[in-house]
Amino acid sequence: MTNSVRVRPANLLAILAVGEELRLLLHDEQPPLIKDRRYHLKLYPQCFVGSELVDWLLSKGEVNSRIEAVAMMQKLCENGVIHHVCDDHVFKDERLFFRFRKDDGTYEEPPNTALLARGEQIYKRLCGETPSLIQDRKYHLTTYKTCFVGSQLVDWLVQKGEASGREEAVQLGRELLDAGMLAHVCYDHHFKDDYLFYRFKCDEKDKSNGFLNRLSLKNTSTKRKGSTPASSPEVGEKFLYSIGDTSATSPTIERAMTARASEPVLATSRTDPAIKAAQIVPDPLSPAPSGRMASATSSLVVQRPTPEKLCEAEGDYIKRRIDIASDPVGYGFVIRGSNPVYVHSVDRSGPAAAVGLTVDEYLYSVNGKCVLNSSHTEAAKIILTGPSMASLVTFVRKDRIPSPSPVLL
């Protein structure tokens, strides 16, 4: 049933807060929903019935459907807030007994709660300052809402005594990013002491007070526009990670697949990195690219070369090296596939296009690491965690070498 709802990762603190608020509301409800219940002569203290709670959520306007209610409660179940009284079921809209873990003494504080609380405190302090580091920023005619510059946050953390030096400040930023508190605006970078745009996840969520909104389970099908916060990727968006060439990805990777706002994706760290191309050689098997993105997408099935074919000494391909310096919102290209990984699309106004990267080049190495037999997710991870200058060695067809070309090998 819950498969009908797109559930994107929510901030853990928000989940715990919603769970506690809901628990207190249910304890105060008259007639009580949480109470001792008997079944087959056995007493189950302080529990509620799954279907009755779904009815209650609908009656209070917290959800629009029973499916949404199940998705919401399952989110609490997955994060250790509630559980079936015998741990035999996930949350279901049925006459089954569930209990809040705080009511039976089985609740365990998540290990990174202290870090998340610290991140929340830093976020609130930043929002309370005037002028604030968190503000709308324009880059290449696109507005990135409520974001901050990585190097400026490092300055602030050191000045405010949150870190003893820049290295410690960067480590704190990386820990907050890994914990889901913040992210690069296009998911192209880990946290770095650089002129890169980042956003607190708190600013990606609907500011209304409903439980669903606070858990990021509502309106997740809304497509992201240029100045709209990142949401779950949908068909038609450009992604940093490919969605057509590999098996299903984890929710964390899927979030990372969101592309550059309103402009095509900048990405080398996810699968669909949109790479900006100044000179794009049209694919003879594909329609001419339109708009700002050049793409290898075609309604035809393209027979791609094998790694062995690419490496043939007298073959059709030649290696070249390309160094791409990220701008504040990413690299500007999209990769897909595996064995080999290839450039799927290029953002014509981005860094990758400026140095001549083109659609349908195949990756040999990324930052000195061979990816010829890797997946696009593995190649993207190397770029994501690497420096702001991505060094690529690619295979390009000899008859499609752009002029002027980066260094041929």
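Helices (H or I, at least four residues) and strands (E, at least two) are DSSP runs, numbered from the N terminus. By that numbering, N339 sits in the loop between β11 and β12.

## Basis of the model

This is a predicted model, in which local features need pLDDT of at least 70, side-chain atom pairs count only at pLDDT 80 or more, and totals for chains, interfaces and linings use all residues. Residues are numbered from 1 along each chain as its sequence is written, and side-chain values use heavy atoms, with hydrogens and water left out.

Strand β11 covers residues 333–337; five of its five residues are buried, so the strand is largely enclosed by the rest of the structure. Buried means under 20% relative accessible area, exposed over 50%, and partly exposed in between (1.4 Å probe, protein chains only).

β11 pairs with β12 (residues 341–347) in the antiparallel sense, over five bridges; strands count as paired if DSSP finds at least two bridges between them. Opposite R336 stands Y342 of β12. Three residues lie between the two strands of the hairpin, where N339 takes a positive phi near 45°. N339 is partly exposed, with a relative accessible area of 40%.

## Backbone exceptions in loops

Most residues other than glycine have a negative phi, and most peptide bonds are trans. N339, which is not a glycine, has a positive phi. L41 also has a positive phi, near 70°. L41 is placed in the loop between β1 and β2 (42–49), and it is exposed, with a relative accessible area of 80%.

Two cis peptide bonds can be described. One runs from Q30 to P31, with omega near -5°, and P31 lies in the loop between α1 (12–28) and β1 (35–39). Another runs from T130 to P131, also with omega near -5°; P131 is found in the loop between α5 (113–128) and β5 (135–139).

## S65 and its surroundings

S65 belongs to the loop between α2 (50–59) and α3 (66–78). With a relative accessible area of 27%, S65 is partly exposed. Its side chain reaches the backbone nitrogen of E68 at 3.2 Å. This is a polar contact (a pair of N or O atoms within 3.5 Å; within protein, one must be able to donate a hydrogen and the other to accept it, and residues adjacent in sequence count only if both atoms are side-chain atoms). S65 and V54 are eleven residues apart in sequence, with their C-alpha atoms 8.8 Å apart.

## Aromatic pairs and charges over rings

The structure holds 15 aromatic pairs. Rings of Phe, Tyr and Trp (its six-membered ring) pair if their centres lie within 6.5 Å; planes under 30 degrees apart count as stacked, over 60 as edge-to-face and the rest as tilted. The rings of Y123 and F200 have centres 5.2 Å apart and planes at 50°, so this pair is tilted. Y123 lies in helix α5 and F200 in strand β8 (residues 197–200), so the pair ties together parts 77 residues apart in sequence. Y123 is buried at 10% relative accessibility, and F200 is buried at 1%.

K102 lies over the face of Y107, 5.4 Å from the ring centre, and R397 lies over the face of Y317 at 5.7 Å from the ring centre. A charge sits over a ring if NZ of Lys or CZ of Arg is within 6 Å of the ring centre and within 35 degrees of the ring normal.
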